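Please examine the model below before reading the notes that follow.

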Amino acid sequence: MNTNTATVETLNDLIGINNDRISGYEKALKDNKGKDADLRALFTHMIDESRTMRNTLGKEVQGLGGEMETGTTTGGKLYRAWMELKSVFGGHDRHAILSDCETEEDAAMRAYTQALQEEHLPAYLRELLTQQRSVLKTEHDKIKKMRDAQA
């Protein structure tokens with residue numbers, strides 16, 4: 001596999017992860033049912049942030065001659081199916097919703113960490129991914145703090 005193809009594949013994996021985040025936070029908004037204004041604002045912010053990151057990565061994919069991923073990851077689909085099943089039995093209190101969001105953020109950070117270990121990434125993309133991972137870490141910590149306050 002040539003470097004461009006490998007780089008496009010790596011970026012598209014991260015686009016899929018950001019699509020997972022968008023779907024996950026849209027589900028969290030639905031589960032929240034407007035009860036908590038602070039969560040609604042947080043989840044809306046996370047959706048916007050994911051779209052911005054996804055679109056930035058998509059421009060890079062197109063610049064490399066590839067096509068931007070439009071779907072979610074298989075793991076993300078499986079996670080959301082599990083969350084749907086769990087909701088039937090467990091409900092959706094504030095702590096549970098934040099715990100689910102933290103799990104999604106953990107997965108996103110792992111994906112970015114793995115991508116940054118790819119040797120084929122050019123320095124400018126490594127810098128972009130490092131910046132995006134830093135944003136994810138900040139958001140993860142915010143969600144964790146909010147979740148822990150509910151314990």
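**Briefing on a predicted model**

In this predicted model, helix α2 passes helix α4 in a left-handed crossing. Helix α2 covers residues 37-63 and helix α4 covers residues 94-116.

**How α2 and α4 meet**

- The axes of the two helices come within 13 Å and cross at roughly 15 degrees.
- Because angles under 35 degrees count as roughly parallel, α2 is described as roughly parallel to α4.
- On the α2 side, the contact is made by D38, L39, F43, M46, M53 and L57.
- On the α4 side, the contributing residues are R94, I97, L98, C101, E105 and Y112.
- Sorted by class, this contact has 9 nonpolar residues and 3 charged residues, with no polar ones.

**The chain as a whole**

- The protein chain has 5 helices and 0 strands, and its pattern along the sequence reads α-α-α-α-α.
- Of the 151 residues in the protein chain, 45% are buried.
- Among contacts between residues at least 6 apart in sequence, 81% join residues at least 24 apart.

**Confidence of the prediction**

- The protein chain has a mean pLDDT of 85, and 85% of its residues reach 70 or more.
- Confidence is highest in helix α5 (residues 123-149), at a mean of 96.
- Confidence is lowest in helix α3 (residues 74-90), where the mean is 51.
- Where pLDDT is low, the predicted coordinates should not be read in detail.

Key
Residues are numbered from 1 along each chain as its sequence is written. This is a predicted model: local features need pLDDT of at least 70, side-chain atom pairs count only at pLDDT 80 or more; totals for chains, interfaces and linings use all residues. Side-chain values use heavy atoms; hydrogens and water are left out. Axes are lines fitted to C-alpha atoms, for helices over the stretch in contact, and angles run from 0 to 180 degrees between N-to-C directions. Helices (H or I, at least four residues) and strands (E, at least two) are DSSP runs, numbered from the N terminus. Angles under 35 degrees count as roughly parallel, over 145 as roughly antiparallel, 65 to 115 as roughly perpendicular and the rest as oblique. A crossing is left-handed if the near helix is turned anticlockwise from the far one by less than a right angle, and right-handed if clockwise. Contact means heavy atoms within 4.5 Å. Ala, Val, Leu, Ile, Met, Phe, Trp, Tyr, Cys and Pro count as nonpolar, Asp, Glu, Lys and Arg as charged, and the others, Gly among them, as polar. pLDDT is the predictor's confidence in each residue, from 0 to 100. Buried means under 20% relative accessible area, exposed over 50%, partly exposed in between (1.4 Å probe, protein chains only).
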